[in-house]
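This report looks at hydrophobic packing and ring contacts. Have the coordinates at hand.

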Amino acid sequence: ADLTVVKHIIYMLQENRTFDQYFGQLNVYRQGQGLSTDVDVTPPNASQLSYDHSTTWTPFHMTSQCVEELSSYWNESHNDWNHFAPTTATPLMDGFANSAGGDSRHSNPPGFDINGQRVMGYYDESDLPYYYFMASQFAMSDHWFSPIMTNTPANRMYAMAATSHGVVNKPLAQINVPTIFDELQAANITWKNYVPDYPNGSSLKTFPAYPKYVNTNIVPMSQYFADLKNGALPQVVFIDRDSHDGLDEHPGQGVSVQKGAAYVKSIIDALMASSVWQDSIFFLTYDEAGGGYDHEPPVPMPSPDGIPPVVGPFDTCATITGPMCDFTYTGFRLPNFVASPFSKAHYVDHTPMDTTAILRFIEKRFSLQPLTARDAAQPDISYFFDFTNAPNLNPPTPPTQPTTGPCYITSLP
């Protein structure tokens, strides 16, 4: 198929949610819409042993649209993978409640969910009707993973450069590696990074591209809406999350998933109403899973560059080695959908991939070389789309996304 019909590729990463947490009930919704029910959703026997081993937690519908913070750092993520043997290649997926309970107990001040029940909480179409609609009307994957088993900073580095250059937590200095945007610039492909918390909120801040392009290609989020209105959207766009205004869906006090979803809706609605929609693709996913439960284990992937994880003296893999002490697996599974007039309607893909598949798609569209072995290994996700038939220039109208659900983090559900 002819990829050149795609003139604009936009991608956006929200914060810290798992597939089971958001889309674990998607088959029920799809069945009600008369669609296929082959999504890999939360299994009936899903459970987690509580932190104190006194009970077993099973999935429950969250009432609060906010949730107490969890930890998805390298140590906790490996504990989630296998509580008693976190560096082995055996994915028991049994440590989520243990990690969350420990995080609650050791927070300052301590949290209330000291046994980690919150990891089994989920949302459904009554909470997130916009996301359920978009994921079902357009294309989505039920095996889309974060790049690595750790928290936000390193995973966002992968979304820019297909590597974290050894970083497992937060980089302490600038990382001198090329990003997808350096490749685009060299090839004279137009691009912008739209940043709500401008300029410090740019995911490019870790890289040399940041000081080089801030105020030119790295611009405030308001410019996105102006560029759409003026038909001036560049060929490749990355939209950063709005953490400053609590619209990034990150677990924590006052951060409502409904308000985050409504914010995403405003961004995609503006695209759909513009002249740019006719030849655009919008990828929505999350930077990492955030510590919530998901039943599908991370999958093997090539190390991007052979650089091992740089861990601290008290970190997992500091003294005990094993197959998980490298960047040769993805992180956990993420919610996602791909909105475009080219998207196959109601399409669900089951091919394992991580977020660097977006980079590979950009590279394929604009004839660029892979950044690392990681993005090179991703599947060609052109099969999410139909580039042969006429694009769907009259998409169905998404439902209103409510924003008034209760928001508290001192009790469940």
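Which residues does Y131 touch, not counting residues up to four places away in sequence? Y131 touches Y22, F23, E249, G260, A261, V264, L284, Y286 and F337. Contact here means heavy atoms within 4.5 Å.

This is a predicted model: local features need pLDDT of at least 70, side-chain atom pairs count only at pLDDT 80 or more, and totals for chains, interfaces and linings use all residues. Residues are numbered from 1 along each chain as its sequence is written, and side-chain values use heavy atoms, with hydrogens and water left out.

**Core**

Y131 also stands out in the largest nonpolar core. That core has 121 residues, and Y131 and F283 have the most contacts inside it. Helix α10 (residues 257-272) supplies the largest share, eight residues. A nonpolar core is a set of buried Ala, Val, Leu, Ile, Met, Phe, Trp, Tyr and Cys residues joined through side-chain atoms within 4.5 Å. Buried means under 20% relative accessible area, exposed over 50%, and partly exposed in between (1.4 Å probe, protein chains only). Helices (H or I, at least four residues) and strands (E, at least two) are DSSP runs, numbered from the N terminus.

**Helix α5**

Helix α5 (residues 129-137) is mostly covered, with eight of its nine residues buried. These are P129, Y130, Y131, Y132, F133, M134, A135 and S136. They pack against helices and strands: α1, α2 (26-32), β6 (139-141), α10, β11 (280-286) and β12 (337-339).

**Rings**

The structure holds 29 aromatic pairs. Rings of Phe, Tyr and Trp (its six-membered ring) pair if their centres lie within 6.5 Å; planes under 30 degrees apart count as stacked, over 60 as edge-to-face and the rest as tilted. Two edge-to-face examples follow.

| Pair | Centre to centre | Angle between planes |
|---|---|---|
| F19 and F23 | 5.7 Å | 75 degrees |
| Y224 and F225 | 5.1 Å | 80 degrees |

F19 and F23 both lie in helix α1 (residues 19-23), four residues apart, about one turn of the helix. F19 is buried at 0% relative accessible area. F23 is buried at 1%. In the other pair, Y224 is buried at 0%, whereas F225 is partly exposed at 33%.

Ring pairs also link W144, F283, F342, Y347, F361, Y383, F384, F385 and F387 into a cluster. One member of this cluster, Y347, has K344 over its face, at 5.1 Å from the ring centre. A charge sits over a ring if NZ of Lys or CZ of Arg is within 6 Å of the ring centre and within 35 degrees of the ring normal.
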